[in-house]
Every structure is written in C-alpha cells, then in structure tokens.
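Hi,

Here is the structure I promised to pass on to you. Have a look at it first, and then read on for what I found.

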Amino acid sequence: MDTKSNGADGYMFHLKPGMLLGAASAATQIEGGESGHNWNDWYHKGQIKDGSDPAHATEHYRLWREDVDLMSSLGLKVYRFGVEWSRLCPSEGSVDAAAVAHYREEMEYLREKGISLLLTIHHFTNPMWFEKKGGFTKAENIKYYLDLVSLAVRSFGDIVSEYITINEPNVYAVNSFYFGEWPPAEKSMKQTMAVMSNMAVCHIEAYKLIHKMRSEMGFNDTKVSFANHLRVFDPANRKDPRSIICSRTLEYLFQGAVSEAMYLGRFRLPLKAPRKIERGEYCDFIAINYYTRSTVSGFSDGVRKDAPKNDLGWEIYPDGIIRCAKKIYGFVKKPIYITENGTCDNKDDFRCRYIYDHLKLLSETDLPVERYYHWCFCDNFEWNEGQSARFGIVHTDYETEVRTVKKSGEFYSAVIRDNGVTTECFDKYVRDQKYHY
Ligand code: BGC
C-alpha cells in the first residue's frame, strides 16, 4: 500500500494511454417509479432490509438532466446505464412509446455532453408478466428477452454502438434461485443452472442479433459483451488439498462454466444448452465487474479474518481485479472494460484509496484495459440492502434528492482531469485514508 507520495514526475501513476473513465448504473437502482417489475413486487412483500422502496430510488427518471449535468461537470467520459424492461414493455407484446422517447432524450443529451454510451439491456429486473411465465428458468421464454433486445436496437441503435446484453447472470441466478434471497426466492440447484444456461443462450443470440440489426442499419462499429461478475476464489488453507478442490469447484460452478458458455458457446456440465449453439467468440470486449475475493473452506465461501473490509464485510482485495482479468484474457483476447468496480463506504472515508489502488493496478498492467466504469455515481437503491449501503461518489439525500459530490467524487474528477494521480492529489485525498479491518 502506498502511504507517501514519491512520484518522480509529479505523478504517483499515469492512467494507461487511451483508458477512459466514467460510471455505471442500473435502471432499477436509480430511476424510481412503479412500472410493474419484480423488485416493485419484492418491496411490497416486505423484503428490503431497511424498508426502502425502489419506486423512490434516486428519482433519476425525473432528475436525469441534472444528473447528466453533474456527470459532465465532473468530467466523466463514459457512462454505462440500463433501461427498465417493464417500463418499455408494461405488458406482453406492448411498447410504451413515451418510455422509448424518454430514454432516447437522455441518451442524446449524454452524447451532447460528450459522454460515450454503454447500454445494458438486462440488469437483474424483470417485468412481472415475464416473471409469471417462469422468466429465465424456461427456454421457451428466451424469445421475450430477444424481443427486448430487438426493441432496444430499433429504438436506440442509431445512437448507441456498445451494448451489454445481460448483467451478471451468475449473481442473478445464484441469488434468485440458489440462495433464494432475491425474487422469485427459489432454492434449487437445478433451476440455478437452467437460468445460467438460458441466459448464456440469450446472450449469444443477442450478440448475433445486435450485430445483424446494426449492420443492416449501416453501422460497422458495434461492440457487444455481457457484464461478467468475477471474484477471486482462494482456499482458506493453501496447503489443504480439500480446501483447494472446494475452492476450484465453487469457482467453476459460480463463474467458470458460465463464462465459457457465454464467451465461447461451450456448455459444460452442469450447464446444458437448451438448443444447438455453435462454438464461437461471442464478445467484442471483455466486461468485468469486480468487487471482492471469496475465501473458501469446505463448500462455503467466507472472508479472511485479517483482511481489510468494506461496510458490507466484503474483503477489499485490489490484486484480484488483475487476477480475474488475466484469467479471462487467457482465453478471450479482447480489450478489457471494467464495467463495475466500487465499494460500500457509507462515510466515504476509504473510497479514494480504493479507487486509487484499483486504478493504479489497472494502469500498470500489460493487459489491454480500455475503460473503467466506477460503481457508482450517486448512492442508489442497493437491492436487498435498500438505501443503507452507499456506493456512490456522489451523496444522495433520500429525503430531498439533493446530490452532493463526495470527497471521492472530487478525487475521481481530478484523476480524469489529470489523466492519472498527481502527488499533490494523492496527498490531498489518499495518503491519510486507511481501510477498516
Ligand atoms: C451489481 C450492482 C450492485 C453492485 C454492488 C453488482 O453485483 O451489478 O447492481 O449494486 O454489485 O453490490
């Protein structure tokens, strides 16, 4: 850990040449509104720990212009954001033209501000009409997701060239169908694997569809991937063969098998493609969401006792971002976008160091890292944790919806402006910050 500034040219490090920085978000976590999705329903079932309502969130649907102005004033170059499926398609087969126009207006405004767009088509949330049909557990429902993809490209394809088909299929499948902690709260290994398999097919079909549609529209700059949630799995005891085997097995079940299926169309057990899928390379960039490491003993993952942790108890392990990226780059030689990285730091007293540590490694690696999307911009609705877990570089006052740039927001903005971290900036924002243990 760097504790003092010592950069010879006035810099602690320079950003990798050409690397662009910005922020990531997801529709449900910021927009607010009751459009009939499964997280509206989950809230009404009393499942959000602090009782906060996604219909409120940060009211970005109303305040989007101010939010974009703020992003622009901080100098963000790239923005990853999502659309709400139930807003675009409130019932099966319907399209809400006003919602399409709304998203388009925001995208055009972002472009006017010189912020480059990365559109996420699906980020955890489903309309209830889709959920009631069995959602992603059923292969015959893949067509509904592809209708959404087609709608997105028809509506925004002329102004958006970069797409994330699906956010974190593993997190979605495991939380919703294995642990039963997210809607629809099932606990079935079989369903978990069916969902991962079906989502892999969704991604592959979407990859092909987006390319086809945009090339028919005359564009040849299309880039498509899925946001892959990766964590490091390390055995609690590196000398214990059982611990090593358990850690490798968990890694394979959680992220290894689904990564191979989604990137390469290679389905290995326990995944099974519900239809014939050609082997191929189904991504134009590697999109990694990285937060933490799991320390495995037996078949459960935990957190090392002596490790620095964030406010949700997740280990802070910057080296992991490189370890994960290397693993995927080992079999997919594509540019790397870090599509999420960030931390829950309610007091904003170590986030500058967190950003510094991760960005430094990303800037110094030989891997072709092209983008970094910090999670997230404004504090927002953190799923089951509601409003209680703050990940933003901008503070949200949930009573008034007033946004206030945090120290970490000032720091991040300075890093973008200076194309790296100057010694002065390090002294001002990072030097005195310490992780919590
Ligand atoms: C998800 C985000 C979430 C973040 C922090 C990621 O797994 O994509 O929606 O807010 O982690 O928990």
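The chain holds 14 helices and 13 strands. Its radius of gyration is 21 Å, close to the 22 Å that the globule rule gives for 437 residues, so the chain is as compact as a globular protein of that length. Please keep in mind that this is a predicted model. Along the principal axes, the C-alpha trace spans about 60 × 55 × 45 Å.

How much of the chain is buried? Of its 437 residues, 62% count as buried. The accessible surface comes to about 17000 Å², and carbon and sulfur atoms account for 50% of that. If you take the contacts between residues at least 6 apart in sequence, 75% of them join residues at least 24 apart.

Next, a pair of helices. Two packed helices are described by the angle between their axes and the distance between the axes. Here, the axes of α3 (residues 60-74) and α5 (residues 97-112) come within 10 Å and cross at roughly 10 degrees. Angles under 35 degrees count as roughly parallel, and α3 and α5 are therefore roughly parallel to each other. Which residues meet? On the α3 side they are H60, Y61, W64, R65, V68, D69 and M71, and on the α5 side A99, H102, Y103, E105, E106, Y109 and L110. The residues of this contact divide into eight nonpolar, two polar and four charged.

Now for some backbone details to find on your screen. Most residues other than glycine have a negative phi, and most peptide bonds are trans. These places depart from that pattern:

- P183 and P184 are joined by a cis peptide bond, with omega about 5 degrees. You will find P184 in the loop between α8 (169-178) and α9 (189-216).
- The peptide bond from L269 to P270 is cis too, with omega near 5 degrees. P270 sits in the loop between α10 (241-264) and β7 (286-297).
- D348 is not a glycine, yet its phi is positive, at about 55 degrees. This residue lies in the loop between β9 (336-341) and α12 (351-364).
- E401 is not a glycine either, and has a positive phi of about 65 degrees. Look for E401 in the loop between β11 (394-397) and β12 (402-405).

Are D348 and E401 buried or exposed? Buried means under 20% relative accessible area. D348 has 9% relative accessibility, so it counts as buried. E401 is buried as well, with a relative accessible area of 6%.

Enjoy exploring!

Best wishes

Methods:
Residues are numbered from 1 along each chain as its sequence is written. This is a predicted model: local features need pLDDT of at least 70, side-chain atom pairs count only at pLDDT 80 or more; totals for chains, interfaces and linings use all residues. Side-chain values use heavy atoms; hydrogens and water are left out. Axes are lines fitted to C-alpha atoms, for helices over the stretch in contact, and angles run from 0 to 180 degrees between N-to-C directions. Helices (H or I, at least four residues) and strands (E, at least two) are DSSP runs, numbered from the N terminus. Angles under 35 degrees count as roughly parallel, over 145 as roughly antiparallel, 65 to 115 as roughly perpendicular and the rest as oblique. Contact means heavy atoms within 4.5 Å. Ala, Val, Leu, Ile, Met, Phe, Trp, Tyr, Cys and Pro count as nonpolar, Asp, Glu, Lys and Arg as charged, and the others, Gly among them, as polar. The radius of gyration is taken over C-alpha atoms; the globule rule is 2.2 Å times the number of residues to the power 0.38. Buried means under 20% relative accessible area, exposed over 50%, partly exposed in between (1.4 Å probe, protein chains only). Accessible areas come from the Shrake-Rupley method with a 1.4 Å probe; for residues, only the protein chains shown count as cover.
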